[in-house]
Amino acid sequence: MESIINFRTFNTLKTKENAGIRENKLFRSAAPEYGTENDFKKLHSLQINSVIDFRDEHEKQILLQEKFNERFHRQYAAMNVANFFNHDEIKRIGLNNDNIDQYYNHIYRVLPTHFHHQYQILADALNDGQTLLFHCSAGKDRTGFGAYLILSALGVHHDDIMEDYLRSNDSALILYESRKNERSNLPTEELSKETIQRLFGVQEEYLETAIQSVQENYKSSERYLSEVLCADINSIRNHYLI
């Protein structure tokens, strides 16, 4: 993609039993409405049934959103966490290099416990075997945990899930540069490169915190998926594995 940042699929991953994941069925990204016309043509060619949006309303550029929605079916699963595209928000919560990890760990700890409805929307789409794109603003935290749920349901090994999760770090600086001059009031001079990478990247411990929260509250990812999110794991594997 030219301007849809952090866009990727799971085609190269294998399950623990060495099954493959069907090509061009599951996609994740940062906000897709920032894409070029060529990007949108590519999305159309992928025959995506649904776009699942985990962003809260105040994170969106309304005109871009409306134009995108004219061309793609979007489902809303809003979560009011992890919006660091607004410098006022960064200052309000007092984020700095000393407490970024603490703040992100808190976010990941509550993703499995506070947002059942939102992730059930994702599970419903998987149960139906939809070709889908799911995203948030950066495509790394809310989306990262969503990817963990999908890949866990498919039976992908933990190490491979983590490796895919950490690929979001490749997009951190690009993401910041692409958004810093929009009305979201991102600072253009005040953040160091190190801080930008930490704010717009991910750490292994963040996803591990979410996984620990799942285990503490629901015993296992499979139980969380099936009993809380109503995911039909057998159907999901039939839809997406080869």
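Author: What follows is a short exchange on a helix, a loop residue and a pocket in this predicted model.

Reader: How far apart are the end C-alpha atoms of helix 10, and what span should its 15 residues have?

Author: Helix 10 covers residues 204–218.

Reader: Which helices do the buried residues of helix 10 pack against?

Author: The buried residues of helix 10 include Tyr206, Leu207, Ile211, Val214 and Tyr218. The partners against which the buried residues of this helix pack are helix 4, helix 5, helix 6, helix 7 and helix 11.

Reader: Is Ser137 buried or exposed, and which side chain does its own side chain contact?

Author: Ser137 lies in the loop between strand 5 and helix 6. Since buried means under 20% relative accessible area, Ser137 counts as buried because its relative accessibility is 3%. Its side chain makes a polar contact, at 2.6 Å, with the side chain of Glu59.

Reader: How do the residues lining the largest pocket divide into nonpolar, polar and charged?

Author: The largest pocket holds about 280 Å³ of space, and its lining has 18 residues, with Lys16, Tyr148, Ser152, Val156 and Ser221 nearest its centre. Helix 6, helix 7, helix 10, helix 11 and helix 12 each supply at least two residues of that lining. By residue class, the lining divides into seven nonpolar, seven polar and four charged.

Conventions
Residues numbered from 1 in each chain as written. Predicted model: local features only at pLDDT ≥ 70, side-chain atom pairs only at ≥ 80, totals over all residues. Heavy atoms only, no water. Helix = DSSP H or I, 4+ residues; strand = E, 2+ residues; numbered from the N terminus. Expected span 1.5 Å × (residues − 1). Buried < 20%, exposed > 50% of the residue type's maximum accessible area, 1.4 Å probe, protein only. Contact = heavy atoms within 4.5 Å. Polar contact = N/O pair within 3.5 Å; in protein donor to acceptor, adjacent residues only side chain to side chain. 1 Å grid on protein atoms, 1.4 Å probe; cavity = no way out; pocket = protein on both sides within 12 Å on 5 of 7 lines; lining within 4 Å. Points joined across faces, edges and corners; volume = space filled by probe spheres on them. Nonpolar A, V, L, I, M, F, W, Y, C, P; charged D, E, K, R; others polar.
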